[in-house]
Amino acid sequence: MQVTRRLLLGASGALALPGLVRAQGSAPIRIGEINSYTTQPAFTLPYRNAMQLAVEAVNAKGGVLGRPLELITRDDAGRPQDAVRLAGELVNDQKVDILAGAYLSNVGLALSEYAAQNKRIYVGGEPLTDSIVWERGNRYTFRLRPSTYMQAAILAEEAARLPAKRWVTVSPNYEFGQSGVKWFRQLLTARRPDVTFVGEQWPALGRVDAGATVQALEQMKPDGIFNVLFGTDLTNFVRQGNTRGLFENRAVVSLLTGEPEYLDPLGDEAPEGWIVTGYPGEAIDTPAHKAFASAYRGKFNAKPMCGSLVGYSLILSIAAGIARAESVNMEKMVEGFRGVGFDTPAGPVSYRAIDHQGTLGVYVGRTALKDGAGIMADWRYIDGKDLLPDDAFVRKLRPADA
Amino acid sequence: MSVLVVRGLHKSFGGVEAVGDVSFAVAPGEMLALIGPNGAGKSTCFNMVGGQLPPDSGSVRLDGREITGLSPRAISGHGVGRTFQITATFGSMTVRENVQMALLAHHREIWRFWRPAAARHVAAAEALLAQVGLEAQAGRAAGVLAYGDLKRLELAIALGNAPRLLLMDEPTAGMAPAERVALMQLTRRIASGRGVAVLFTEHDMDVVFDVSDRILVLNRGRLIAEGDGAAIRANPAVREIYLGTGATSGGH
Amino acid sequence: MDFIIPQLLTGLAGASSLFLVAVGLTIIFGVTRIVNFSHGSLMMLGAYIGWSILTRLPRDPEWFVLGIAATVLCTAAIGVVLEVVVLRRVYRAPELFQLLATFGVVLILQDVTLWIWGPVELPLPRPRWLRGFVTILDSRFPVYDLVLIAVGPAVLGILWLVMNRTRWGTLVRAATLDREMVAALGVDQRLLFTSVFALGAGLAGLGGALSLPNASANLQIDLSVITDAFVVVVVGGLGSLAGAFVASLLIGILQAFGIVLVPQSTLVLVFLVMAVVLVFRPNGLMGRPQAEAREATLAAPVVRPAPRVLRILGAVALLLAVAAPFLAGDYYLTVLTDGAVALLFATSLHFMMGPGGMASFGHAAWFGIGAYAAGLMSQWLGAPMPLALLAAPLAAGIVAALFGWFVARLSGVYLSMLTLAFAQIVWAVSFQWVEVTGGDNGLLGLWPPGWARDPAVYYWITLALSVGVAMLLRRMLYSPYGYALRAARDSAVRAQSIGLDVQRLRIVALVVAGAAAGLSGALFSYAKGGVFPTYISIPHSVEALLMVLLGGLQTVAGPIVGALVYTGLADILVRSTDLWRLVLGAVIVLLVVAFPEGVAGAARRLWLRGREA
């Protein structure tokens with residue numbers, strides 16, 4: 001049982017290095033990574049697996065600057081305050097050279113604050129919040145994954161092509177949900193002045209009363225539904241929506257639903273024809289991705305999840321940034337990371353100099369059923385740089401000194 | 001002049017009259033017993049005087065001041081001390097501290113947040129304890145006292161308020177007969193010595209006839225007899241309810 | 001208006017689900033007086049076990065029913081194990097320790113469930129018959145929800161028959177009214193408790209398994225369900241079956257219509273219902289006043305000044321703490337800063353809970369209000385740190401005074417539950433009111449000014465304020481006010497009869513405790529660089545309880561020892577294993593079994609052995 005073994009190895013386990021490299025006498029470059037391993041295991045464990053894979057891949061090629069990478073992970077228990085404390089431990093006690101991690105946006109922001117305050121570089125993999133690179137962006141923080149804005153932008157673009165005019169939104173009532181809805185409304189209305197938003201539902205995160213929510217949405221008689229629910233909320237929502245016929249003859253546009261983390265649990269009840277962002281996984285047939293997917297399957301006997309792609313790319317981006325900086329000096333690393341390009345299984349990506357946002361792209365497609373399971377069909381990959389707003393927009397949001 | 005004057009007290013629960021038109025008075029130094037069979041309205045009457053229950057009508061005056069319907073706390077402030085059928089003391093304090101607590105409350109020193117309480121009113125507390133014969137136990141935890149001693153402690157606490165009136169609800173319940181008489185004679189001495197009026201309920205008729213100056217007999221919420229021991233003993237109506245209903249003097 | 005009928009039916013289905021969650025909890029509480037935090041975990045196990053059984057059975061309705069029945073038996077068996085292995089050993093401990101033990105069980109079961117079933121949520125594949133619907137007024141309504149609507153009253157009816165037509169039921173009802181009396185009747189209390197726990201656990205399992213067709217087995221069930229269950233049980237009246245049913249209906253229907261009318265407020269709505277009900281009916285809709293809790297009748301030990309040795313030990317510890325920046329590395333300094341904050345947090349809870357007799361299940365609310373007061377002052381008004389640190393206790397104290405007016409009239413578990421509800425409302429506001437509080441992203445950039453930025457300096461500031469305020473609180477406990485507060489706890493009737501204003505004493509205790517906790521929250525925020533809704537989470541409130549109870553309720557040193565032990569233990573565990581919840585849970589259970597009077601309490605007993613008259 002893979003999960004169990006990883007759990008037992010645990011947060012303490014610095015991943016074993018090939019003894020050969022250590023014998024050469026060059027001290028490893030230490031990456032201190034903090035994530036919600038106990039509270040969000042479904043997303044963070046495939047992510048940690050892939051980081052491990054990437055570290056081994058980098059080290060097999062001789063490491064970075066002739067030094068191997070070493071990964072130390074910690075569990076933040078879903079609490080930003082714990083993440084900050086552990087960041088201190090990793091920096092002061094474990095002497096890591098670089099901080100990384102976070103799945104939850106608030107953990108990511110807390111770590112980015114720590115980074116700015118202590119002038120330590122921090123690379124966020126998963127957190128989606130826009131403010132980590134915009135309103136609260138800072139010199140020491142980089143973020144890899146496409147943000148809420150980017151995901152909403154491509155969905156708004158897709159939605160604008162639909163005939164639907166009366167839209168409703170359903171979204172968990174917290175920052176991620178609220179900004180997802182905000183951007184979608186703003187960007188769709190800009191493209192299609194004729195659409196109206198006739199209603200919204202804001203179930204509490206993790207506590208959706210799906211029957212009542214679906215019934216309330218049904219009552220609004222919309223043409224299109226924009227959904228930001230995910231995880232258990234999504235499961236409950238989809239089941240009630242299927243039974244009550246909410247999705248029939250309606251366009252549904254849905255954030256993140258194409259990620260296998262969210263799509264797989266729906267099983268044969270996965271909705272068909274929703275326009276979603278996500279991750280087609282092993283269906284991606286570029287050589288780079290095929291190599292990654294088969295290595296992942298070879299090592300963990302499981303298909304890569306979206307988190308796996310992010311974890312793998314995160315380590316590669318760190319390796320590339322340090323290599324470009326030619327040093328683990330903080331200020332040099334910041335310059336090294338700014339604008340660095342690197343290859344990921346999804347394609348070439350860079351950290352933009354203007355806001356430190358990674359240009360990892362978004363897969364967008366339609367959900368479909370195949371062999372009793374949900375998949376993404378008709379998908380395409382849109383490079384992240386094409387989804388980001390113009391520089392003036394970014395400069396207005398991001399602090400000048402960042 | 002009487003310390004306590006009760007006029008025309010009425011109380012009904014859900015349309016059933018528990019106490020109707022009860023009037024009496026207690027003089028300084030007097031011990032007035034309130035007796036009657038179960039359900040006669042003793043407790044209701046007592047609780048209306050003590051403030052635990054508001055009366056429907058009637059008045060309760062203490063030293064001429066109207067205290068009808070005030071809260072137990074306010075009534076205590078007017079100089080009424082009280083003991084309970086089930087002893088109520090402060091278990092996490094020593095015997096001395098229990099009395100000190102009452103003295104602190106009496107001197108309105110509760111809302112002080114700095115100086116240690118343990119040093120306040122030590123001598124006064126020990127004097128009160130001496131009065132009830134507990135001076136040797138002053139440093140012990142109240143929670144470990146024997147039952148009879150707890151009753152004495154309650155008395156000392158009640159006296160800490162320098163009361164004009166002492167309300168004692170079944171003061172000897174649960175005690176051995178010899179202790180009962182001892183406690184009530186102690187109360188008698190204190191009442192006489194301090195000029196405190198004492199109103200008490202009691203089911204032990206020996207105690208009642210032994211220590212009370214006057215006795216009130218309640219039945220079905222009505223006052224049916226009033227007088228000294230001999231008069232009450234001879235009263236046919238009292239004999240009727242006590243013998244006729246089969247209730248015995250020692251029964252609960 | 002044609003939305004009313006479908007929405008009403010949906011509300012009824014929701015009410016049935018709520019009832020199934022709550023009914024087992026209320027039965028267990030009624031008889032054993034245990035606030036069973038692990039009830040949600042049992043429901044989670046019910047969902048997972050149900051999933052495992054149902055996915056292995058044919059998908060026809062009759063097999064579904066059989067599978068559910070098997071799940072109920074399994075969770076009932078788990079309940080028996082839990083009762084026999086853990087709870088039976090702590091019935092004699094004060095009530096709150098049992099709560100602590102059940103919280104330890106929650107932590108253990110989280111990791112055990114993850115171990116067995118893995119991290120991914122497991123929805124039950126629905127066969128066609130479970131996806132069916134009927135058309136009611138042009139709306140499609142799920143057949144399964146109709147089934148649920150029927151299940152709630154059916155369970156209520158069966159339980160009513162059991163309770164009123166069997167000898168066992170009569171005993172359960174008698175025990176709910178008066179436990180001591182039943183014990184005196186010579187009934188085998190062990191068997192009664194075990195069987196009641198089995199019934200409660202089985203009902204939790206039923207709730208979990210029946211939720212599968214609409215939801216999934218997932219690792220979040222335990223804590224999300226337990227708050228719902230608490231609310232229903234408290235609104236209905238602890239121990240009252242019919243009350244739980246009425247409360248479920250009330251909340252389920254309000255929820256269904258609340259979603260239509262004010263979609264943003266659903267979370268707060270539930271807790272507001274609870275707060276309003278408790279204000280007007282302090283024992284819930286159909287509850288009776290609780291008999292005096294055992295703790296009250298059981299004399300608390302006499303509080304005496306600390307022995308000399310302890311004072312010397314304390315002084316040495318304080319000296320060491322002051323010298324720590326010269327001895328410990330940067331990281332351990334941050335852990336010590338956290339420890340100092342925890343010390344104040346725990347001491348403040350102890351103040352209202354020990355001498356004040358008001359056990360708060362939502363103490364994190366004051367911590368959070370203080371933190372947000374400081375954060376908002378700094379963010380919107382640009383207030384410097386000293387001003388923000390001053391604003392925190394003020395704000396928390398003012399809110400505590402308002403809240404105290406509601407809560408000081410309640411007692412026992414109702415009071416605890418209202419504090420929990422209040423904390424949940426504060427949490428929901430901070431989490432959802434993004435424009436002001438920043439939502440889950442929190443308020444960021446709250447760092448100490450230049451002169452205090454050095455970790456050592458900030459540590460000293462935290463230490464000075466935490467220890468200073470803790471000493472003040474201690475001083476207060478020995479003052480006339482502290483004695484009066486303790487007197488009101490020991491015997492409210494006696495306190496009133498000597499002229500003490502019990503309500504006011506308790507409100508002031510709440511204000512003092514709230515203000516002190518508020519300061520600890522602000523200190524914590526400056527140490528972490530931000531304020532987050534997680535400060536107000538239920539686990540954080542439970543942490544405070546853990547620290548106080550582990551340390552010992554009846555000693556002033558207790559919360560201090562508890563805070564330091566807990567902070568150290570949690571730090572070491574989190575860094576050394578991903579299974580920290582399992583280990584922490586096991587440690588809590590063991591400590592509760594071994595030291596029912598807390599660590600400091602046990603030390604005190606050993607110390608006093610042979611010294612006390």
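Predicted model: local features only at pLDDT ≥ 70, side-chain atom pairs only at ≥ 80, totals over all residues.
**Chain B, overall**

I looked up the secondary structure of chain B and found nine helices and 10 strands. Along the principal axes, the C-alpha atoms of chain B fill a box of roughly 60 × 40 × 35 Å.

I checked burial next: 56% of the 252 residues of chain B count as buried. Of the contacts in chain B with a separation of 6 or more, 66% are between residues 24 or more positions apart. For charges I noted 25 positive and 23 negative in chain B, their mean positions 6 Å apart.

**Aromatic pairs**

I counted 48 aromatic pairs over all chains. I picked out Y174(A) and F431(C): the ring centres are 5.4 Å apart and the planes are at 5°, so I log the pair as stacked. Y174(A) sits in the loop between strand 6 and helix 7 of chain A, and F431(C) in helix 17 of chain C, so this pair joins two chains. Y174(A) is buried at 9% relative accessibility, and F431(C) is buried with a relative accessible area of 9%.

I also looked at F367(C) and Y535(C), with centres 5.8 Å apart and planes at 75°, so the pair is edge-to-face. F367(C) lies in helix 15 and Y535(C) in the loop between strand 4 and helix 23 of chain C, so the pair ties together parts 168 residues apart in sequence. F367(C) and Y535(C) are both buried.

Last, I noted one aromatic cluster whose members include Y174(A), F431(C), W427(C) and F43(A).

Notes
Residues numbered from 1 in each chain as written. Chains lettered and ligands numbered in written order. Heavy atoms only, no water. Helix = DSSP H or I, 4+ residues; strand = E, 2+ residues; numbered from the N terminus. Buried < 20%, exposed > 50% of the residue type's maximum accessible area, 1.4 Å probe, protein only. Contact = heavy atoms within 4.5 Å. Lys, Arg positive; Asp, Glu negative; His and termini not counted. Charge placed at Lys NZ, Arg CZ, Asp CG, Glu CD. Phe/Tyr/Trp six-rings, centres within 6.5 Å; stacked < 30°, edge-to-face > 60°.
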